[in-house]
Amino acid sequence: MASVGVLIFFAIVGAIICAKARVPGGAVVFALVAIVLFVSTPVGAGLPGAVATFLSTLDNAATPALSGSGAVG
């Protein structure tokens, strides 16, 4: 896993090249590969938990407004 940083770099560069060439499918694939490689590193291991916490907080804040049970005021 010593070269995972280089693989992430090339995946990001590939996504940029595909985006500039207006190939959205390739850009999405390269971006997903970069995210998967990043999450597999020790630095990125906390990313799924951080996203889950953010979405849970967002859901808890939006639920009263969407269900109509919150008081206006």
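1. R22 sits in the loop between α1 and α2; helices here are DSSP runs of H or I with at least four residues, and strands are runs of E with at least two, numbered from the N terminus. This is a predicted model, where local features need pLDDT of at least 70, side-chain atom pairs count only at pLDDT 80 or more, and totals for chains, interfaces and linings use all residues. Residues are numbered from 1 along each chain as its sequence is written, and side-chain values use heavy atoms, with hydrogens and water left out.

2. Do have a look at the backbone of R22: phi is near 60°, a positive value in a residue other than glycine.

3. Is R22 buried or exposed? With a relative accessibility of 76%, R22 counts as exposed, since the cut-off for exposed is over 50%, with buried under 20% and partly exposed in between (1.4 Å probe, protein chains only).

4. For a sense of distance, the C-alpha atoms of R22 and I35 are separated by 21 Å, with the two residues 13 apart along the chain.

5. α1 (residues 4-20) has 17 residues and should span 24 Å at 1.5 Å a residue, which agrees with its end C-alpha atoms being 24 Å apart. The expected span is 1.5 Å times one less than the number of residues.

6. Which residues of α1 are buried? They are V4, I8, A11, G14, A15 and C18. These cover an arc of only 120° around the axis, which puts them on the same side of α1; the arc is taken from the directions from the helix axis to the C-beta atoms.

7. The face of α1 turned away from that buried side carries F9, F10, I17 and K20, which are exposed. The cover over the buried residues of α1 includes α2 (24-39).

Conventions. Contact means heavy atoms within 4.5 Å.
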